[in-house]
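The following paragraphs lead the reader through one protein chain, from its overall form to individual residues. Please keep the sequence and the structure in view while reading.

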Amino acid sequence: MNINCEMARDLLPMYKDKCLSSSSEKALREHLLTCQPCRRYLREYRTRQKEEVAAPAGDFSEIARRLRQHRALTELAVGLSMAVLITYGILKTVKKESV
Ligand SMILES: [Zn+2]
């Protein structure tokens, strides 16, 4: 089976993920053997994929850091509210007893 460059490039993502049927993979391999631009495209595609996989790591650590910060602030706010309520309760009790 002969495929053109457009078909070859459509198949590359599945080729990289090893999801192609054996006949499609054979056709793509044959095309890549004879087509320098598609070999370069595959190389660039793989490089791009690695960069895309590597990029989110930084983003997630930033999100995780913000979540920890947010949780710490929430716990602080809850803690302060509890302290205020407890103090209010104690003061009210003390006032009631002193009357
Ligand atoms: Zn080609």
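The radius of gyration used here is taken over C-alpha atoms, and the rule for a globule is 2.2 Å times the number of residues to the power 0.38. For a compact globule of 99 residues the value would be near 13 Å, whereas the chain has 31 Å. The model under discussion is a predicted one.

The dimensions of the chain may be considered next. Along its principal axes, the C-alpha trace spans about 100 × 20 × 15 Å. Of the 99 residues in the chain, buried residues make up 4%. A residue is counted as buried if 20 or more other C-beta atoms lie within 10 Å of its own, and as exposed if 12 or fewer do.

Which secondary structure elements does the chain contain? There are three helices and zero strands, and the pattern read along the sequence is α-α-α. Helix 1 covers residues 5-16 and helix 2 covers residues 22-34, while helix 3 comprises residues 36-98.

Attention now turns to the packing of two of these elements. Two packed helices are in general described by the angle between their axes and the distance between the axes. For helix 1 and helix 2 the angle is about 120°, and the axes are 10 Å apart. The two helices are therefore oblique to each other, and their crossing is left-handed. On the side of helix 1, the contact is made by Ala8, Leu11 and Tyr15; helix 2 contributes Ser24, Glu25, Leu28 and His31.

Leu11, which lies in helix 1, deserves a separate look. Is Leu11 buried or exposed, or does it fall in between? Because Leu11 has 19 C-beta neighbours inside 10 Å, it counts as partly exposed. Leaving aside residues up to four places away in sequence, Leu11 touches Leu20, Ser24 and Leu28. Leu11 and Ser81 are 70 residues apart along the chain, and their C-alpha atoms are separated by 59 Å.

The loop between helix 1 and helix 2 holds Lys18 and also Cys19. Most residues other than glycine have a negative phi. Phi of Lys18, however, is near 55°, a positive value in a residue other than glycine. Why does Lys18 count as exposed? It does so because it has 7 C-beta neighbours inside 10 Å. Cys19 is likewise exposed, since 11 other C-beta atoms lie within 10 Å. Between the C-alpha atoms of Cys19 and Gln49, which are 30 residues apart along the chain, the separation is 16 Å.

With 10 other C-beta atoms within 10 Å, Leu73 is exposed. How far apart in space are Leu73 and Thr93, which are 20 residues apart in sequence? From C-alpha to C-alpha, the distance between Leu73 and Thr93 is 30 Å.

Conventions: Residues are numbered from 1 along each chain as its sequence is written. This is a predicted model: local features need pLDDT of at least 70, side-chain atom pairs count only at pLDDT 80 or more; totals for chains, interfaces and linings use all residues. Helices (H or I, at least four residues) and strands (E, at least two) are DSSP runs, numbered from the N terminus. Axes are lines fitted to C-alpha atoms, for helices over the stretch in contact, and angles run from 0 to 180 degrees between N-to-C directions. Angles under 35 degrees count as roughly parallel, over 145 as roughly antiparallel, 65 to 115 as roughly perpendicular and the rest as oblique. A crossing is left-handed if the near helix is turned anticlockwise from the far one by less than a right angle, and right-handed if clockwise. Two residues are in contact if their C-beta atoms, placed from the backbone, lie within 7 Å.
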